[in-house]
Amino acid sequence: MKLAAVLLGPALIVSASGVVPRFDFVSAPSRLSFVNVSGDDAQEPILGPNGQGLCAIDFDGDNRLDLYFVNGSTLRLWRKGRSPGGALLRNLGNRRFEDVTRRAGVRGPAWGTGCAAADYDGDGDTDLFVAGWRESLLYRNRGKGVFEEVTKQAGLRVAGFPSSAAFADLDGDGRLDLAVSRYVDFDPETYPRDEVPGKPCHYKGIPAGCPPLAYLPEHTLVFRQSPEGRFQDQTADSVLPAAITRGFGIAALPLFASSRLPDLYVVCDQMLNRLFRNLSSPGLLRFEEVGEERGAALAYDGEAESGMGLAVGDVWERGLPDLFVTNFAFQKNTLYRNRGESFEDATLGTGLEAHPNELGWGTALADFDADSHLDAVVANGHVYPQVASLRDPLETYEQPLRLYAGDGAGVFEEVHVPALEEPRGRRGLVVAASTTTGGSRS
């Protein structure tokens with residue numbers, strides 16, 4: 001799978017009601033040189049279809065947000081040690097970027113999956129963690145546009161198949177810790193190919209890679225940062241191993257009205273989502289899993305969905321973070337409304353349940369039209385290119401990106417942007433505003 005990166009800037013659109021809002025976009029792909037590679041053409045092993053994430057990071061302190069693109073590989077390239085590696089694109093302003101990956105020293109893992117950016121060591125420069133299958137790397141920003149890979153020195157070891165990560169002060173000691181969601185147990189030599197012996201896996205009768213349920217799930221990891229700047233794996237003491245996950249997106253922030261520390265929410269594939277209430281104290285990371293009990297694990301009908309992407313924002317403008325989860329094809333995307341100490345699936349009637357045939361991945365809640373209300377954006381794309389042989393207009397591999405205007409009261413209206421609706425095999429998505437010398441945004 002190859003995905004072209006697209007940069008967005010001002011242009012003209014029209015909403016479904018005919019009202020012209022103040023957020024319009026134009027794509028400018030020719031100025032970005034990164035190409036994402038994730039799996040072979042058949043997308044058989046589960047490593048491939050999931051794609052990668054990306055991070056917005058002002059790594060050089062010039063007040064322009066730069067872009068770090070995580071990259072995958074193919075098993076053939078990976079076995080030969082020829083994986084393409086990620087890319088750090090320095091923002092030059094006016095939607096122009098320069099590839100500084102080699103100079104900055106952040107090529108990334110052989111098969112990357114996601115990333116998180118934060119000033120974990122408190123020196124004023126933003127650092128970078130890049131998650132990857134069998135290899136995750138921590139890059140410490142040394143200033144002047146250069147990073148140092150310090151994974152071993154920091155005592156950080158992330159095993160298995162991580163998907164995404166978040167920095168947060170989980171125990172309230174003033175230092176940033178690290179939470180990492182993980183997906184499934186994948187072995188390139190023994191991964192499942194048959195539903196039962198002699199019967200290859202399929203999707204709607206089409207030969208395809210085996211689904212997530214064919215793989216053993218993993219669990220979320222948490223690493224506490226010590227005063228010496230090392231990361232201690234406190235997963236075993238945190239109760240997290242008892243709550244298995246096929247985890248994709250992860251968020252770390254106070255999620256209840258009574259929360260005093262960041263809680264963890266993990267979006268999971270083909271199983272209930274996980275909500276970990278934070279019970280930590282300085283020096284000790286501990287959580288309890290309360291997702292089903294507090295209404296953030298299942299859809300309104302009590303069924304588990306296939307969570308992919310996650311966005312957090314105060315949709316109803318009540319001072320509480322709501323949760324928006326993208327899901328698999330023919331499942332709606334789900335908006336969990338925060339009731340203070342619990343959540344409810346409040347999707348129906350919001351407008352975000354539109355296009356259930358599409359398969360959502362990266363998503364964000366952000367104010368695109370500067371009206372003080374959160375809007376929503378969803379990147380879509382099927383996991384199997386083979387669906388083209390179904391000749392079903394409702395189920396295609398390449399799908400549009402969807403944009404919805406929010407009103408601050410939980411209602412969204414889709415707006416149509418030709419530059420965004422061009423069908424693509426999208427996965428990751430990042431939303432960022434960077435002020436350049438002329439005051440323009442890109």
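## The surroundings of C210

Leaving aside neighbours within four places in sequence, C210 is in contact with E44, I46, P192, R193, D194, C201, Y215 and Y384, where contact means heavy atoms within 4.5 Å. C210 lies in the loop between β19 (206–207) and β20 (221–225); strands (E, at least two residues) and helices (H or I, at least four) are DSSP runs, numbered from the N terminus. P192, one of the contacts of C210, stands 18 residues away along the chain, and the two C-alpha atoms are separated by 6.5 Å. With a relative accessible area of 4%, C210 is buried; buried means under 20% relative accessible area, exposed over 50%, and partly exposed in between (1.4 Å probe, protein chains only).

## Basis of the model

This is a predicted model, in which local features need pLDDT of at least 70 and side-chain atom pairs count only at pLDDT 80 or more, while totals for chains, interfaces and linings use all residues. Residues are numbered from 1 along each chain as its sequence is written, and side-chain values use heavy atoms, with hydrogens and water left out.

## Overall architecture

The protein chain has 4 helices and 33 strands. Its radius of gyration, taken over C-alpha atoms, is 21 Å, close to the 22 Å that the globule rule gives for 442 residues, so the chain is as compact as a globular protein of that length. The globule rule is 2.2 Å times the number of residues to the power 0.38. Along its principal axes, the C-alpha trace spans about 65 × 55 × 50 Å.

Of the 442 residues, 57% are buried. Among contacts between residues at least 6 apart in sequence, 58% join residues at least 24 apart. The accessible surface of the chain comes to about 17,900 Å², and carbon and sulfur atoms account for 51% of this area. Accessible areas come from the Shrake-Rupley method with a 1.4 Å probe; for residues, only the protein chains shown count as cover.

## The second largest pocket

The second largest pocket has a volume of about 1,100 Å³. On a 1 Å grid over the protein atoms alone, a pocket is an open set of points with protein on both sides within 12 Å along at least five of seven lines, whereas a cavity is a set of points where a 1.4 Å probe fits but cannot get out; lining residues have an atom within 4 Å of a point. Grid points are joined across faces, edges and corners, and a volume is the space filled by probe spheres set on the points.

The lining of this pocket comprises 40 residues, of which S164, G249, I250, L310 and L429 lie nearest the centre. At least two lining residues come from each of β6 (54–57), β10 (112–118), β14 (162–168), β22 (247–253), β26 (310–313) and β30 (360–366). By class, the lining has 26 nonpolar, 13 polar and 1 charged residues. Ala, Val, Leu, Ile, Met, Phe, Trp, Tyr, Cys and Pro count as nonpolar, Asp, Glu, Lys and Arg as charged, and the others, Gly among them, as polar.

## The cavity

The structure holds 1 cavity of 30 Å³ or more. The volume of the largest cavity is about 60 Å³, and the residues that line this cavity are Q331, N333, A354, H355, P356, E358, V378, N380, R402 and Y404. Strands β31 (375–380) and β32 (402–406) each supply at least two of the lining residues. In terms of class, 4 are nonpolar, 4 polar and 2 charged.

## Positive phi values in loops

Most residues other than glycine have a negative phi. K144 has a positive phi, near 60°, and lies in the loop between β12 (137–141) and β13 (147–149). K144 counts as exposed, at 88% relative accessibility. S372, likewise not a glycine, has a positive phi of about 75°. S372 belongs to the loop between β30 and β31 and counts as exposed at 56% relative accessibility.

P254 lies in the loop between β22 and β23 (263–268) and is partly exposed, with a relative accessible area of 38%. Not counting residues up to four places away in sequence, P254 touches S259, L261, P262, D263 and P321. The C-alpha atoms of P254 and D169, 85 residues apart along the chain, are separated by 11 Å.

E414 is found in strand β33 (residues 412–416). The relative accessible area of E414 is 14%, so this residue is buried.
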